[in-house]
Amino acid sequence: MIRVLLADDEHLIREAIATLLGLEPDIEVVAQVARGDLVADAVREHRPDVIVLDIEMPGADGLSVAETLSGHAVLMLTSFGRPGYLRRALAAGVRGFVPKDASADELATAIRRIHSGGRYLDPEMAASAMMAGESPLTERERDALRLAARGAPVAEIAAALHLTEGTVRNYLSNAITKLGATNRITAIRAAQEKGWL
């Protein structure tokens, strides 16, 4: 049996996926969690073969969680097929990426492939990621934009990143230019749509 841990904050979706996977003769859902910060404990307790993570969860997002699970077979399941998410997931060692609108058969196939040491990438998501290219933002520009997206003023961003306010303004200005945006808000929106934040 392939032991699976499901992490998704949407109770109905998580239960539906668990039920559908339970119909597979070789897959058993051994644990379910609704928050990203509960995944590590559940992995230690239940020792799953494959961990299925949603990207957007409270506590810790799926991409951040995936970065802490090196050596584990991780499959991202998401309704957000943003190219930057796929690239970040692959960089974190994730072995599969499937949209939430995939069929139960596709999800089961992905789990089996990942369990056997392979990879599974949804073809449409992979094509979108290739066409979108790499993020033009530096890590510091991304950090500054991420904090700005939470509503932090320049002074707070500077304090959080241990930079001067002038340096933060420069990073934000560079990000706006690189993204072809007209202001901070449109830059944030553009970066989020690509999955670069």
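The lining of the second largest pocket divides into three nonpolar, two polar and four charged residues. Here Ala, Val, Leu, Ile, Met, Phe, Trp, Tyr, Cys and Pro count as nonpolar, Asp, Glu, Lys and Arg as charged, and the others, Gly among them, as polar. This is a predicted model, where local features need pLDDT of at least 70, side-chain atom pairs count only at pLDDT 80 or more, and totals for chains, interfaces and linings use all residues. Residues are numbered from 1 along each chain as its sequence is written, and side-chain values use heavy atoms, with hydrogens and water left out.

Back to that pocket. A pocket is an open set of points on a 1 Å grid over the protein atoms alone, where a 1.4 Å probe fits, with protein on both sides within 12 Å along at least five of seven lines; lining residues have an atom within 4 Å of a point. The second largest pocket holds about 170 Å³ of space, the volume being what probe spheres set on the points fill, with points joined across faces, edges and corners. Its lining includes Arg87, Arg88, Glu134 and Trp196. H4 gives the most, four residues. Helices (H or I, at least four residues) and strands (E, at least two) are DSSP runs, numbered from the N terminus.

The largest pocket holds about 340 Å³. Among its 13 lining residues, Asp61, Tyr85, Arg88, Arg146 and Leu197 are the closest to its centre. Helix H4 (83-91) and helix H7 (139-149) each supply at least two residues of that lining.

Now the strands. How many residues of strand S4 (residues 73-78) are buried? Six of the six are, so S4 is largely enclosed by the rest of the structure; buried means under 20% relative accessible area with a 1.4 Å probe, protein chains only. Ala73, Leu75 and Leu77 point one way, and Val74, Met76 and Thr78 the other. In a regular strand the side chains alternate between the two faces of the sheet.

Strands pair if DSSP finds at least two bridges between them. S4 runs parallel to strand S3 (residues 50-53), joined by four bridges, and Ile51 has Val74 as its partner. The chain gets from S3 to S4 through helix H3 (residues 62-67) in a right-handed β-α-β crossover: with the strands pointing away from the viewer, the path from the first strand over the helix to the second runs clockwise. Four bridges also join S4 to strand S5 (residues 96-99), again in parallel, with Thr78 opposite Pro99.

Note on methods: Buried means under 20% relative accessible area, exposed over 50%, partly exposed in between (1.4 Å probe, protein chains only).
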